[in-house]
Amino acid sequence: MRFDVITLFPELFDAHLTVGITRRAFESRQVDVRLWPLRDFAEDTYRRVDDRPFGGGPGMVMLAGPLERALAAVKAQRGAAPVIHFSPTGRVLDQALVRELAQSPGAVLLCGRYEGIDQRVLDRHVTLEISLGDFVLSGGELPALALLDAVARLQDGVLGDAQSHQQDSFSDGLLDCPHFSRPELLPADESGPERPVPPVLLSGHHAEIARWRREQSLRLTAQRRPDLIVAARAAGQLSPADERFLAGLPK
Ligand SMILES: C[S@@+](CC[C@H](N)C(=O)[O-])C[C@H]1O[C@@H](n2cnc3c(N)ncnc32)[C@H](O)[C@@H]1O
């Protein structure tokens with residue numbers, strides 16, 4: 001799997017590709033990330049990659065020329081590939097899309113800056129626009145890193161425990177359950193009374209623990225993301241026991 005990232009700020013990627021558990025995927029090139037500094041494709045002496053917008057208004061627009069030369073250079077090296085542009089106007093990134101991309105041969109990632117990219121470049125080359133959510137960042141690099149991280153952790157052998165991502169939020173359509181570790185009893189302090197670990201987690205009964213975790217997921221999802229319950233039901237992901245539990249929750 002290969003991702004070619006066209007960006008004005010390649011230095012933003014270094015730390016993220018070399019630390020943490022996903023580093024394994026990037027360093028082994030299981031997820032092969034190639035950075036293409038956009039300024040290398042500028043042609044004038046000032047290495048200019050932006051200019052004022054036609055029609056006036058604030059901000060600058062990323063020029064078609066350097067972007068098209070960068071896209072052509074990537075294509076010459078790897079052949080045709082889907083081109084993803086990060087934009088608040090795109091499809092919001094979710095785990096379903098991450099799973100799809102995690103099984104794909106990769107893509108070219110186009111990171112915008114300033115007011116954005118000349119629309120003609122997008123119309124000509126982009127196959128998918130992805131948004132990180134309904135807010136505005138200053139560039140597409142953080143969305144690109146979010147995508148690379150989410151895709152890398154789904155690759156075989158990247159997480160220490162292969163089952164780990166199967167228990168994460170969204171993998172079964174629900175939000176994840178809460179997690180606890182030592183100490184068994186968190187002592188009282190000025191911020192509140194003592195807090196024990198839920199006793200079932202110390203019981204050693206695997207079936208009861210699994211049921212408790214499932215119910216915590218159902219409760220949290222029903223409270224915070226009822227839309228996910230509706231979708232899980234429609235997808236046949238809720239058992240009769242799940243439905244009984246949900247029916248017993250306070251309305
Ligand atoms: C300041 S933003 C431009 C915002 C654009 N004028 C708009 O209002 O839709 C600069 C760049 O950041 C990236 N960006 C900003 N917010 C984003 C988001 N929510 N999701 C994905 N990319 C985003 C895009 O690549 C965008 O071209």
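**The sheet**

Begin by selecting the five strands, which form an open sheet in the order β2-β1-β6-β5-β7 with parallel pairing. Strands β2 (32-37) and β7 (128-131) stand at the edges, each with a single partner strand, so one side of each has no neighbour in the sheet. From one strand to the next, the twist averages 35°. Strands here are DSSP runs of E with at least two residues, helices are runs of H or I with at least four residues, and both are numbered from the N terminus. Two strands count as paired if DSSP finds at least two bridges between them.

The model displayed is predicted: local features need pLDDT of at least 70, side-chain atom pairs count only at pLDDT 80 or more, and totals for chains, interfaces and linings use all residues. Residues are numbered from 1 along each chain as its sequence is written, and side-chain values use heavy atoms, with hydrogens and water left out.

**Strand β5 and its partners**

Next, select β5 (residues 83-92) together with β6 (residues 106-110); these strands run parallel and are joined by three bridges. Within this pair, Ile84 stands opposite Leu109 in β6, and His85 stands opposite Leu110 in β6. Which residue of β7 is the bridge partner of His85? The partner is Glu129.

**The annotated positions**

Select Gly112, Leu132, Gly133, Asp134, Phe135, Val136 and Leu137, where UniProt, in an unreviewed entry, places the feature "binding site". The UniProt positions are given in the numbering used here, feature names are shortened, and annotations may be inferred rather than shown by experiment.

Two of these positions deserve a separate selection. Leu132 lies in the loop between β7 and α6 (141-152), and Asp134 is also placed in the loop between β7 and α6. Leu132 is partly exposed, at 30% relative accessible area, whereas Asp134 is exposed, at 77%. Buried means under 20% relative accessible area, exposed over 50%, and partly exposed in between, with a 1.4 Å probe and protein chains only. Leaving aside neighbours within four places in sequence, Leu132 is in contact (heavy atoms within 4.5 Å) with Leu93, Leu137, Leu142, Pro143 and Ala146.

**Helices α4 and α6**

Show α4 (residues 95-102) beside α6. Two packed helices are described by the angle between their axes and the distance between the axes. The axes of α4 and α6 come within 9 Å and cross at roughly 70°. The axes are lines fitted to C-alpha atoms, for helices over the stretch in contact, with angles from 0 to 180 degrees between N-to-C directions. The two helices α4 and α6 are therefore roughly perpendicular to each other. Val98, Leu101 and Ala102 in α4 meet Leu147, Ala150 and Val151 in α6.

Is Glu141 buried or exposed? Glu141 is buried, with a relative accessible area of 1%. Not counting residues up to four places away in sequence, Glu141 touches Thr7, Leu8, Phe9, Leu12, Phe13, Cys111, Gly112 and Arg113; Gly112 is one of the positions in the UniProt feature.

Finally, select Asp118, in the loop between β6 and α5 (119-125). At 15% relative accessibility, Asp118 counts as buried. Apart from neighbours within four places in sequence, Asp118 is in contact with Val61, Met62 and Ala64.

Key:
Parallel < 35°, antiparallel > 145°, perpendicular 65-115°, else oblique.
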